[in-house]
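Morning, everyone. Have a look at this one with me, and then I'll walk you through it.

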Amino acid sequence: MLSYYLRLAFASIRRTPVLSALMVLALGLGIGAFMTTFTVYYLMSGDPIPHKSHMLYAVQLDNWDPNDPPTESAKDVQPQITYQDGQNLVNADTPAIRQAQMYASNVIVVPESDEPPFDESVRATYHNFFRMFDVPFLYGQPWERREDEDHAAVAVIGRELNDRLFDGANSVGKNIRVDDQFLQIVGVIDDWQPTPRFYHVDAGGQFDDTEQIFLPLSWAIDQPLLPSGNTNCWKPPDEDLSLLEAFLQSECVWNQFWAEIETPEQAAAYKDFLDNYVRDQKALGRFERPLNTFISNVPEWLEVNEVVTDDNRVLVRLSFLFLLVCVLNTVGLLLAKFLGKSGEVALRRAMGASQGAVFSQNLVEVGLIGVLGGLSGTGLAWLGLRAVESLYRGYQHLVHLDPVMLTTAIGLATLSAILAGLYPVWRVSRLAPAGLLKTQ
Amino acid sequence: MNEIGPIFRALTRNKLGVFLIALQIALTLAIVTNAAFIIRERAADIARPSGLDEENTAIFITTLFDSKVDQRQLFRDDLEALRSLPGVLAATPTQSTPASGGGWGEDIFNDPEKPSNEAINTGKFMVDEHGLETFGLELVAGRNFRADEIQVASLDEMPTSSVLIVSQALADELFPDGNALGQTIWDSPDGEDPMEIIGIYERMQNAWPHSSNVNNSVLVPNLPMFNGTMMYVVRTEPGQLASVMAAAEAYLSENRSRFVDVVRSFEEQKNRTYSRDIAMVKLLTAVITVLTAVTGLGIVGLAWFSVTQRRKQIGTRRALGATRYDIVRYFMLENGLITTFGLVIGLAGTVGLNWFLDTQYEVGRVPLWYLPLGMFALWILGQLAVLLPARRAANIPPAIATRSV
């Protein structure tokens, strides 16, 4: 029966090629536009580390200008902390399982071969970073606590850099030259790209590639490697010290700080620990604002930092309305088309087809238009995503159609078409055959 | 015009069909008007002048990775070489550029007794005595830096500049009475290190085009030497940008102790900073275009179909003496009625959608004059879309009335 209905549907589509093409095109464009913006939105709001996102907490301490307006939520507090607070916390005995202070920098890598030097992004951090974020290792392992304490010249490099410098061979134990220093490689990371890159989401880098070089923060400060991310200050640095020393001791924020916490009780204890730390610092004359500390797990953190932009939400809303227009368009065209074939329907009814049979036969036709619309919509969404990729910098991890989105696209199109067709199909199946046959 | 009655009565026989088109036109109006408004806001933002000679300016960033090289000397050599390239008007070292998204901010006080929250925030650019000319700035008052006023700023020594040149916007904010030239200002509330305003230029943006005080900027006489990063801005004679960029890159790449990070025209840099706004403009333009096309084609399709359906009636009307023009007018009037109905609903939809977008995402309020403009545009679209089917209807021969089918 279905194959017969399908044959009828194809025949009907061929009889009104322009009208059918318009419907498929309209549905396709609506689906394409909506899927494009929604895919970006869906991937932006994805959980970058699903199995652990509720155990990882970003730390905020409100060390800002006492004359600024009062803090109402985590969004009002700087997303980064000072170097000195990072050092104090990382060296304290805390209820957290692991903590890591970190910042981003840039270096020039000088290959041993004749290849020209190139620049590479760097993350200066602690040995805890890798176990905390479950970073997969291809060779070797993270450095140890002792190497953090010794300011050791060691590095963990990314797979891409390892391929480039060592043709993908196990490079553990070898040296890599950054600027005019040598670092000993202790580990090579496998492909690792949390999206969004939750551990450092400000400075427009929320969808950036992960760094290719990780090294001890203690060593980075010795060089010094200057931060490449945002640095915000509210108080001028101490002018009696060298700029670097003054910068390290300043109230400028440029470090990200994360803690791994297993249970809600631990989280509460950790929050108390932070509050007590700030109280101690208040006694030393710092933190002149009212006591405000915030810990946010990964989903909360992405919300606090508005990783999904308002622009993105506006585009999703507008393209949804656009899809709605396309569906309305299709309903109108279907209604016209089906009422136009009243004669044929009347004939079929007179020959004994039941209302139900007419209904399902026409529904098959509508469904077919939906599937065709969905297919063209998927194609258009693919083009749309390529356009988005070229328009925004750093969106390359955000613009792929995964199987979920593909099925959703075709499903959505078929569903829209069937919803659009339900009323016209119902109308046409309810026509009384006798009157129509007479006028022929 | 006496046809309106019959047309209207004919429409009431197909209420749903009419309502569907009207609703489609209403939604189209709401989307197009709001999208056009957002596009225009963003485009206006992007079009604001940075103050620089945008078409003839290039940015170069290199990183020196060999600490044995004398960086001070390298600065001198670089600047001499860059300035002597054919087509170069001026060159300056700096640590940031306007509209680049990354730079230095500074809080400035016009009175050392003021609390820190009354500081005035400004973007800071370190330049030498060629900075003004390179950035294409005209002094409205005062003088330029002298060569002997330029001091090295590094991680070890951060000199306090005793002289600086400010933008008119910053001067006005610091000294609303208009007497900024020659005044003393401070960079910290402790009253140490007074700085004198020796010059005022008309306009230059800071590094953050989306900040509220975007036109606050200040030039300080420093040679920025922070680690190995060395940044130059070069201004060329008109039309010489590409050749200067190529020649400068070739020169900078000769030195094997440095890495050339960035060779970029100012316009490219600006486009990167505004990439989100540019993307929004392009995506919304695409939405408007395609949406208009879909709605227009929908009207064409429906009218075409209705013409086919009414062949016999049209033929009969023609046979009874209606002219071709009468037939065309019938369809145009019919479309005009439906569109007007849709646009009236759309008016409420547009305001509602704008209210939603503004309260949720702060896109701003659509000015009222957008509404008649959008309505007029869509009304014309409807008339144009129906023109082709209407002309086809007009071509139906009267003889068709005499045939049975």
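A term before we start: a residue is buried if 20 or more other C-beta atoms lie within 10 Å of its own, exposed if 12 or fewer, and partly exposed in between, with C-beta atoms placed from the backbone. This is a predicted model, where local features need pLDDT of at least 70 and side-chain atom pairs count only at pLDDT 80 or more, while totals for chains, interfaces and linings use all residues. Residues are numbered from 1 along each chain as its sequence is written, and chains are lettered from A and ligands numbered from 1 in the order in which they are written.

Helix 3 of chain A, residues 83–90, comes up now. Helices are DSSP runs of H or I with at least four residues, strands are runs of E with at least two, and numbering goes from the N terminus. Which residues of helix 3 of chain A are buried? Y83(A), D85(A), G86(A), L89(A) and V90(A). They cover an arc of only 165° around the axis, so they sit on the same side of helix 3 of chain A. That arc is taken over the directions from the helix axis to the C-beta atoms. Their packing partners in chain A include strand 3 (98–110), strand 10 (253–260) and helix 9 (264–283). Contact here means C-beta atoms, placed from the backbone, within 7 Å.

Next, domains. Bounds come from an automatic or database domain assignment. Chain A has domain 1 (2–45 + 309–439) and domain 2 (56–304). Their C-alpha centres are 50 Å apart. In the contact, 6 residues of domain 1 of chain A meet 5 residues of domain 2 of chain A. Chain B splits into domain 1 (4–47 + 276–402) and domain 2 (66–256). There, the C-alpha centres lie 54 Å apart.

Now a helix pair. Helix 1 (residues 2–15) and helix 13 (residues 355–391) of chain A pack at about 65°, axes 9 Å apart. Axes are lines fitted to C-alpha atoms, for helices over the stretch in contact, and angles run from 0 to 180 degrees between N-to-C directions. Among the residues that meet are L2(A) and Y5(A) from helix 1 of chain A, and V364(A) and L368(A) from helix 13 of chain A.

Last, the chains together. How many residues does each chain give to the contact? Chain B gives 50 and chain A gives 44. Helix 8 of chain B gives the most to chain B's side, with 19 residues.

Definitions and conventions. Two residues are in contact if their C-beta atoms, placed from the backbone, lie within 7 Å.
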